[in-house]
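These are my notebook entries on one protein chain. I record below what I looked up, entry by entry.

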Amino acid sequence: MTHVTHQNHLLQASMSLRFFKLPKRINVLPSHTWLHTTRSHRTATRPLCSKMSFDSSPSTLTHSITLPIPLSQPVHVLAAPGLTETEFRNAIESSLFKQWLHNLQTETGILANGDMLLKQVLIQGVDMFGKRIGFLKFKADIIDKETRKKVPGIVFARGPAVAVLILLDSGGETYAILTEQVRVPTGRVILELPAGMLDDDKGDFVGTAVREVEEEIGIHLNLDDMIDLTAFLDPSTGCRVIPSPGGCDEEISLFLYKGSVEKEIIMHLQGKETGLREHGEIIKVRVVPYRELWRITADVMV
């Protein structure tokens with residue numbers, strides 16, 4: 001191959017890489033049908049009975065809920081001072097709050113065996129992502145009936161998310177794809193797996209995983225090639241990873257993709273700037289040898 005032809009080859013690879021499709025790779029793993037069946041296993045609960053009431057002061061908005069469990073007493077949901085009526089309504093009608101109430105009553109839920117009592121919930125803050133609630137902050141008064149003491153009940157609700165472990169074979173080496181992002185809560189720049197929150201209530205975990213990879217890495221993965229690793233967990237876990245249950249409800253599904261690419265692709269991805277800049281995302285792609293992945297990132301999903 002001449003020097004000019006080689007340069008043209010690299011140029012064409014670079015120009016077509018924005019959303020290139022990685023080749024399909026056969027993985028010797030259980031079928032996706034089994035994985036899907038396992039993931040969809042959930043404990044059903046009866047619908048909530050609720051009633052909203054407002055007094056004359058906007059700072060004392062209240063909502064009453066009766067949980068469909070034996071001997072359940074009405075639960076008062078209050079708005080913290082400064083929370084508007086619209087924010088309060090959005091909070092109690094959000095999928096984040098409803099899912100938390102649902103979790104309380106499942107087979108492994110806090111209220112399942114009758115040892116705990118939910119008395120009151122104080123809605124403290126709401127962060128909107130466009131027209132939907134992105135983050136919800138509240139405090140729940142849950143009492144241990146035996147000791148009559150409150151258990152820690154501060155909740156930061158953000159809902160389900162996905163993360164993707166991308167492994168690419170090239171030139172006899174296996175590489176992992178990470179993103180370098182500014183993470184203000186930690187005060188640091190973090191190396192992590194491509195990840196993101198679900199944008200709606202439809203529960204499209206695989207579709208969200210593929211979309212996040214496109215946005216953060218700039219490559220397209222086929223849905224059929226994604227392996228849900230968290231589906232191998234025992235059904236009692238909900239088949240998701242919970243990284244910070246002491247304060248946050250986030251549940252993460254971890255997917256795996258394996259493929260093979262030319263060395264030029266690896267070189268092009270290294271240091272590539274991506275992300276949705278209009279949403280404030282400042283992302284750089286980092287490609288690291290898979291054998292060193294566990295040492296390079298503090299991401300809990302690794």
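**Entry 1: a helix and its cover.** I began with the cover over the buried residues of H4, which includes strand E3 (62-66), strand E4 (75-79), helix H3 (85-92), strand E5 (116-129), E6 and strand E8 (154-157). The buried residues in question, in helix H4 (residues 95-105), are Leu96, Phe97, Trp100, Leu101, Leu104 and Gln105. Buried means under 20% relative accessible area, exposed over 50%, and partly exposed in between (1.4 Å probe, protein chains only). Helices (H or I, at least four residues) and strands (E, at least two) are DSSP runs, numbered from the N terminus.

**Entry 2: the source.** I note that the model is predicted: local features need pLDDT of at least 70, side-chain atom pairs count only at pLDDT 80 or more, and totals for chains, interfaces and linings use all residues. Residues are numbered from 1 along each chain as its sequence is written, and side-chain values use heavy atoms, with hydrogens and water left out.

**Entry 3: the whole chain.** I found seven helices and 17 strands in the chain. Of its 302 residues, 39% are buried. I then looked up contacts (heavy atoms within 4.5 Å). Among those with a separation of 6 or more, 62% join residues 24 or more positions apart.

**Entry 4: the second largest pocket.** A pocket is, on a 1 Å grid over the protein atoms alone, an open set of points where a 1.4 Å probe fits, with protein on both sides within 12 Å along at least five of seven lines; lining residues have an atom within 4 Å of a point. I read a space of about 1400 Å³ for the second largest pocket, a volume being the space filled by probe spheres set on the points, which are joined across faces, edges and corners. Its lining has 41 residues, and the closest to its centre are Arg158, Gln181, Arg183, Glu192 and Ala195. Which strand gives the largest share of the lining? E11 does, with five residues.

**Entry 5: cysteines.** How many disulfides does a search of the whole structure find? I recorded zero, a disulfide being a pair of cysteine sulfur atoms within 2.5 Å. Cys239 is buried, with a relative accessible area of 1%, and Cys248 also counts as buried, at 15%.

**Entry 6: one glycine.** I located Gly259 in strand E15 (residues 252-260). Is Gly259 buried or exposed? Gly259 counts as buried because its relative accessibility is 1%. Its C-alpha atom lies 9.2 Å from that of Asp225, 34 residues apart along the chain.
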